[in-house]
Amino acid sequence: MRAVHLVPAAAVLVALGAIGGVAQLGHPATAPRPATLGPTSSPAAIRQVPVTAAARACPPAPGGGAAPVALLAGGSSVGGSSAGGSSATGSSAAGHGPTDQRGQVELTALPPVGLPVRAAGPVRAQSPGALALLTLPAAKATGQQATGQQATGQQATQPVQGWSVAGGGAMAQGLEAELTQDSGLASVRCAEPGSDLWFLGPGQQNGGSQVQLDLMNVDSTAASVDVSVINDGGQVEAGNDNGITVPPHQTVTESLSSVARGSGVLAIEVHTSIGRVAADVSAESHGVTSWLPGTAAPSTRLVIPGVPPSGSTAGLFLANPGNSTAHVTVTAITPQGHIRPFGSESVDLPGQSASYVALSPLGGTTAALQITSNVPVTGAVVVPGSSGPGVLTAATAPISEQAIVAGNLSGAGMAASVLLSAPGTAARVRLTEIAPASRAGANGSSSSVTASQVVSVKAGHTLAVPVKAPSGAKHDSAFALVITPLPGSGPLYAARVETQDHSSVVSIIPAASALSTISLPPVRDSYDAISPP
């Protein structure tokens, strides 16, 4: 049971009195505020200010080995090339001046709780607008555990650790980081910390035989975490997964395999009563790991982008955490427009349950799925891969300002495309590819090449656009993709899809906003700050 923290009424009254007193300073009673705005008066405006700090957390690499990470940051320099052109820039030519003004991104190990490991030094990235392909060292056990395993001839247990990603200054703007394969192909986004996180994916019957939850605390205060699980049988008791303490700057790993056993679907909520955490969920089958992307919180309207054509039938996962039955309507947003794959029928989902629905009516069409329901639900889609549980995409928010996918491949049998969906009004989108240049810049410094194009997405349609490394890119290097809705565009949803040999889907990354600026509301001498109207 979560602890309830009550604030004494007297303390609230004291706080209100203090705020009221401060609000009156500089506004004496003899100078009352005008009842109406005069010709020279104007209401306080919302301000746009640059992001100066951003945090992410990368999960442990499968098996606990070294963790390859693709990272792009740099605010206004990200995706800044002109439409339809290409360019080459040096690492110091991003328009931000010296390194101390540009800021940096620092990646710091989050060691596992209760297991002594050798401290790993931080890894830094300092080139705005340039794709950084980093290798984060594996954790190494120290002390009695390592000595005992060597003495008894036991096979060493590889400790697993996450990594915090902290961007400061201009390098906090447009920050995106992803755990990748050795090739640089993104497997899963490094997650933002939060207090209420959702995941949805396969249970044992759909290939998720071993399910692992990683909880990472990037802050300086401990977090208390409760984990709730719903499967196709209803709410599940997840053992000791309530009141989990995640100490500052550490990683806690929990196995959810017991609740996955015998089930087809798992819906996982990670909720903090104190502090915040970043979380990732992986499902393993026969040595192949699939990542469950974080999905949007339950809502009566969701959009799941990035459902690619596939030789096998994709499947829709749905979860209803409430008590009332959900009546869910599914609309596919395709290159031909809106399609109702289940006709006029709804998918009925009892309260506190999860379900799997085959998407065979789509017939291999590129799509995004629009989910509407009478009560809040959440959703995800699995696309069968060559092995393992498959590749997943999940409900996400529309892109605000820009989105970035840092780890993409083209050539040697690999092909990348971005699926852009405009459920409402039309959208115009700038797509920018950024890659390390094959030739060094001036004075031997690293440099980047970019290419850009502008595409239009019709209202109520999905558009598939191939993307590739720009001309002059380093051979066999990964490239980053920046997705920027242009002014006047309607809500845009996107996902990057990677295929191998033109058929097998190997990676889907739902696009999430990577903000360079944030909006600050006007400051007023009003109680609205603590008691909105």
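Biologist: Which conventions apply here?
Modeller: Because this is a predicted model, local features need pLDDT of at least 70 and side-chain atom pairs count only at pLDDT 80 or more, whereas totals for chains, interfaces and linings use all residues. Residues are numbered from 1 along each chain as its sequence is written, and side-chain values use heavy atoms, with hydrogens and water left out.

Biologist: Which strands stand at the edges of the sheet formed by 4 strands?
Modeller: Strands are DSSP runs (E, at least two residues) numbered from the N terminus, and two of them pair if DSSP finds at least two bridges between them. The open sheet has the order β16-β12-β18-β19 with antiparallel pairing. One side of each edge strand is left without a neighbour in the sheet, since each has a single partner strand, and these are β16 (251-255) and β19 (288-292).

Biologist: Which residue in β19 is the bridge partner of Ala283?
Modeller: Strand β18 covers residues 278-285 and is joined to β19 by 5 bridges, the two running antiparallel. In β19, the partner of Ala283 is Ser290.

Biologist: What is the relative accessible area of Asp476?
Modeller: Asp476 lies in the loop between β33 (461-467) and β34 (479-485), and its phi is positive, near 65°, in a residue other than glycine. Most residues other than glycine have a negative phi. With exposed meaning over 50% relative accessible area, buried under 20% and partly exposed in between (1.4 Å probe, protein chains only), Asp476 is exposed, at 55%.

Biologist: What is the phi of Glu401, which is not a glycine?
Modeller: Glu401 is found in the loop between β28 (391-394) and β29 (403-408), and is partly exposed, with a relative accessible area of 31%. Its phi is positive, at about 75°.
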